[in-house]
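Please keep the sequence and the coordinates at hand while reading.

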Amino acid sequence: MTIKLYELLGDEDRRYSQFSWRAKMALKHKGLEFEEIPLLLTDKESIAFANSTSVPVMVDGERIETDSWDIATYLEEAYPDAPTLFGGPIGTGVTRVINSWCDRAVNVALGPLIARDVLDAAHPDDREYFRESMEKLYKKTLEEVQEGREDRVKVLYRTLDPIRTTFRKGQDFIGGDAPGYADYVVFSQFQWARITSPFKLLDADDPVYAWRERMLDLYDGFARNTVAYDVAS
């Protein structure tokens, strides 16, 4: 039975959920076939069976997982003969740190830079809900959140120094010589931005940019071959 993965549908078929991209890259890493099921942000009924109100939702036979981290750890346990996502217990622990750093530092630095652009990338039927919920979170209009981003992008640049330094020392991926789930977590941020915003986040001579290009080329260009802005972001 083919695995099913529910994800967000944006304007012009943009698949913009960063957390769904973590799950999709993990599934590709494991070499598993899966069906992508797009739904609107406001469509809660389609995933009510999973007791969830947000994506990703993964269904593998009778197993249902509703969190990107839980999806990855399930895949690691359920498919032990496929390439490992974590590289063992120590790798799992280190990857959890990367996961937290990404959610609490990288996302915090990147999100406000593209907040208003994401509104335009969302499906037209979701835009009112998206604006209302995000402005409640930020306590500002999306226009105010994104204002002055040309200067504030340097905060993102500094936030990425831990992986930039690693790449400068000759390491191709966060996971080492090959990508692991830690790479997919951080990459999901840039894929989210690439799909939703034309704003330039990275310079072409940045080692993080080169790493992002390597990530886009994985699995026959799976992540590259999606509706996105063709910019060096």
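## Sheet and conventions

Two strands are taken to pair if DSSP finds at least two bridges between them, while helices (H or I, at least four residues) and strands (E, at least two) are DSSP runs numbered from the N terminus. On that basis four strands form an open sheet in the order 2-1-3-4, and the pairing is mixed. Strand 2 and strand 4 (63-65) stand at the edges with a single partner strand each, so one side of each has no neighbour in the sheet. Neighbouring strands of this sheet are turned against each other by 20° on average, direction ignored; axes here are lines fitted to C-alpha atoms, for helices over the stretch in contact, and angles run from 0 to 180 degrees between N-to-C directions.

The model is a predicted one, in which local features need pLDDT of at least 70 and side-chain atom pairs count only at pLDDT 80 or more, whereas totals for chains, interfaces and linings use all residues. Residues are numbered from 1 along each chain as its sequence is written, and side-chain values use heavy atoms, with hydrogens and water left out.

Strand 1 (residues 3-8) pairs with strand 2 (residues 34-39) in the parallel sense, over six bridges. Between these two strands, Ile-3 has Phe-34 of strand 2 as its bridge partner, and Glu-7 has Pro-38 of strand 2. From strand 1 the chain passes through helix 1 (residues 18-30) to reach strand 2, a β-α-β crossover that is right-handed, the term applying if, with the strands pointing away from the viewer, the path from the first strand over the helix to the second runs clockwise.

Helix 1 lies across strand 1, strand 2 and strand 3 (57-60), and runs at about 150° to strand 1. Within helix 1 is Gln-18, which counts as buried because its relative accessibility is 7%; buried means under 20% relative accessible area, exposed over 50%, and partly exposed in between, for a 1.4 Å probe and protein chains only. Leaving aside neighbours within four places in sequence, Gln-18 is in contact (heavy atoms within 4.5 Å) with Asn-107, Ser-188, Gln-189 and Trp-192.

## Helices 8 and 9

The axes of helix 8 (residues 181-196) and helix 9 (residues 207-221) come within 10 Å and cross at roughly 95°. That angle makes helix 8 roughly perpendicular to helix 9, since angles of 65 to 115 degrees count as roughly perpendicular, under 35 as roughly parallel, over 145 as roughly antiparallel and the rest as oblique.

The residues of helix 8 that meet helix 9 include Phe-187 and Phe-190, and among those on the helix 9 side are Trp-211 and Met-215. The contact of helix 8 with helix 9 divides into 10 nonpolar residues, one polar and three charged, where Ala, Val, Leu, Ile, Met, Phe, Trp, Tyr, Cys and Pro count as nonpolar, Asp, Glu, Lys and Arg as charged, and the others, Gly among them, as polar.

## Loop residues and backbone exceptions

Most residues other than glycine have a negative phi, and most peptide bonds are trans. Glu-12, although not a glycine, has a positive phi of about 55°; Glu-12 lies in the loop between strand 1 and helix 1 and is exposed, with a relative accessible area of 55%. Asp-13 is found in the loop between strand 1 and helix 1 and, at 39% relative accessibility, counts as partly exposed. Asp-13 and Ala-121 are 108 residues apart in sequence and 9.3 Å apart in space, C-alpha to C-alpha.

In the loop between strand 2 and strand 3 is Asn-51, whose phi is near 55°, a positive value in a residue other than glycine, and which counts as exposed at 76% relative accessibility. Pro-56 is placed in the loop between strand 2 and strand 3, and a cis peptide bond with omega of about 5° joins Val-55 and Pro-56.
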